[in-house]
Amino acid sequence: MYMKSLLLLFIFFKISVTSFGGIYSVWALTEDIFVINDQVEKSKIDNPDHLGPVLNNDEFKKIFGISQLIPGPKTSSLSLIGLKFEGFLPMLAIYLGLVLPGLIIIPFLNLANNYFKKFTYFDGFRQGVKLAVIGILVLFSIGLLRKGTGYELDRSIIFILIASMTFFLNKRYSPNPIILIVLSAIFGYYLL
Amino acid sequence: MELNLLNIFLTFLKIGSTSFGASTSEIIIEVLVEKKRWLTIDTTRECLSMSGLAPGPFHVNFVINLGYRLKGVPGMCTALIGFALPSFIVANLLWILFSMDNTMHFIKENPGIINGIVAGIAGFLVNAIFKLSKGVITSSYFVLYIAFLVLLMLLFKFSFFGIIIGSGILFIILNIFREKVLD
């Protein structure tokens, strides 16, 4: 239990430390490692103890959906993956892994504020990381389409229409995201 | 209100239970700057931009930064716990709700609900991609570069971590090269 929790902490620390692209890159990387897909071998590359795919698509969608309905940081729902490893400690380990980069780097940034601004190489690193993350997010979006519709044409069209609706409303009016999620659920209930 | 750890915890507990998505930053500024006057607007803005530099969840980093400015390392830990606790509790409650037999049965009979939610989130995701692209894609060559990376991941099954770190290192090298050529 302790070893597994430590490894979970390490895996989520790795995920968090490379997530310069925002919260969704965390989800994309988590999905890649923990969700049972056809290409299971790919997920084992980054796992030292084969803490690999433990979630099926439905469970991942449940955790993903819950993240949009909770207040505060959406990352808290990721710790629900810890339930699969039976215990409160894995849940805590996951959350600690996600926030540890910030807890370490933020005090350091505050202390080295003036010197850090001159470290232009870091800008290059962030730029390269952000471009890679855009690519990963594009792949992740296509993966969501597959999870939601199985690539069936008529359902894919409705899926894209619902996504476009939330995209447009969010961009234009920025309402409370829960309203958009409830709307999507209603449309999904009747149309998908 | 006195600036001590208990009050920091209670304040961020309240913020964490009432903020959803983009409104988080606004609520934090309203509470810490206008109501409690614990920080100035300039300090808060500085924290906001600094938090964008650090990896990890943005709002979490923002809260950590603010907590650090208020009361050092104890402050940042207290602020984080207060901010994250409500979401943690609600997430678990929702998990229990969605795992109950009645709910599970309803969802199994109507899979469109969850698929609809996933579609809705995909819309947010596309928005995030656009926001990310705005500051970073300054040339069409970058679009080609991204397409190339997508091919590497899709066809040759390159690891996501490898792509991210490799891309970061590549751009450090390109920046160094560009500086030397311009000099």
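## A partly exposed glutamate and its partner

B:Glu46 is partly exposed, at a relative accessible area of 33%. (Buried means under 20% relative accessible area, exposed means over 50%, and partly exposed lies in between, using a 1.4 Å probe and protein chains only.) The side chain of B:Glu46 meets that of B:Arg69 in a salt bridge, 3.1 Å from N to O. This pair links distant parts of the chain: B:Glu46 sits in helix 3 (residues 41-53) of chain B and B:Arg69 in helix 4 (residues 58-99) of chain B, 23 residues apart. B:Arg69 counts as partly exposed, at 28% relative accessibility.

Here is how to read these names and values. The model is predicted, with local features needing pLDDT of at least 70 and side-chain atom pairs counting only at pLDDT 80 or more, while totals for chains, interfaces and linings use all residues. Residues are numbered from 1 along each chain as its sequence is written, chains are lettered from A and ligands numbered from 1 in the order in which they are written, and side-chain values use heavy atoms, leaving out hydrogens and water.

A:Lys147 lies in helix 7 (residues 120-149) of chain A and A:Glu31 in helix 2 (residues 23-34) of chain A, 116 residues apart, and the pair links distant parts of the chain. A:Lys147 is buried at 8% relative accessible area, and A:Glu31 is buried at 10%.

Another salt bridge pairs B:Glu30 with B:Lys35, at 3.5 Å from N to O. B:Glu30 is partly exposed at 36%, whereas B:Lys35 is exposed at 57%.

## Two helices side by side

In chain B, helix 2 (residues 23-35) packs against helix 4 at an angle of about 30 degrees, with the axes 9 Å apart. (Helices, H or I of at least four residues, and strands, E of at least two, are DSSP runs numbered from the N terminus; axes are lines fitted to C-alpha atoms, for helices over the stretch in contact, and angles run from 0 to 180 degrees between N-to-C directions.) The two helices are therefore roughly parallel to each other, a label for angles under 35 degrees; over 145 is roughly antiparallel, 65 to 115 roughly perpendicular and the rest oblique.

Residues making this contact include B:Ile28 and B:Leu32 of helix 2 of chain B, and B:Phe62 and B:Leu66 of helix 4 of chain B. (Contact means heavy atoms within 4.5 Å.)

## The nonpolar cores

The largest nonpolar core has 77 residues, and A:Phe12, A:Phe34 and A:Ile81 have the most contacts inside it. (Such a core is a set of buried Ala, Val, Leu, Ile, Met, Phe, Trp, Tyr and Cys residues joined through side-chain atoms within 4.5 Å.) Helix 7 of chain A gives this core its largest share, 13 residues. Leaving aside neighbours within four places in sequence, A:Ile81 touches residues including A:Phe12, A:Phe34 and A:Leu55. A second, separate core of 16 residues includes B:Ile8, B:Phe12, B:Cys47 and B:Phe62.

## Where B:Asn115 meets chain A

B:Asn115 is found in helix 6 (residues 112-136) of chain B and is buried at 5% relative accessibility. Leaving aside neighbours within four places in sequence, B:Asn115 is in contact with residues including A:Lys61, A:Lys147 and A:Leu192.

Key: A salt bridge is a side-chain nitrogen of Lys or Arg within 4 Å of a carboxyl oxygen of Asp or Glu.
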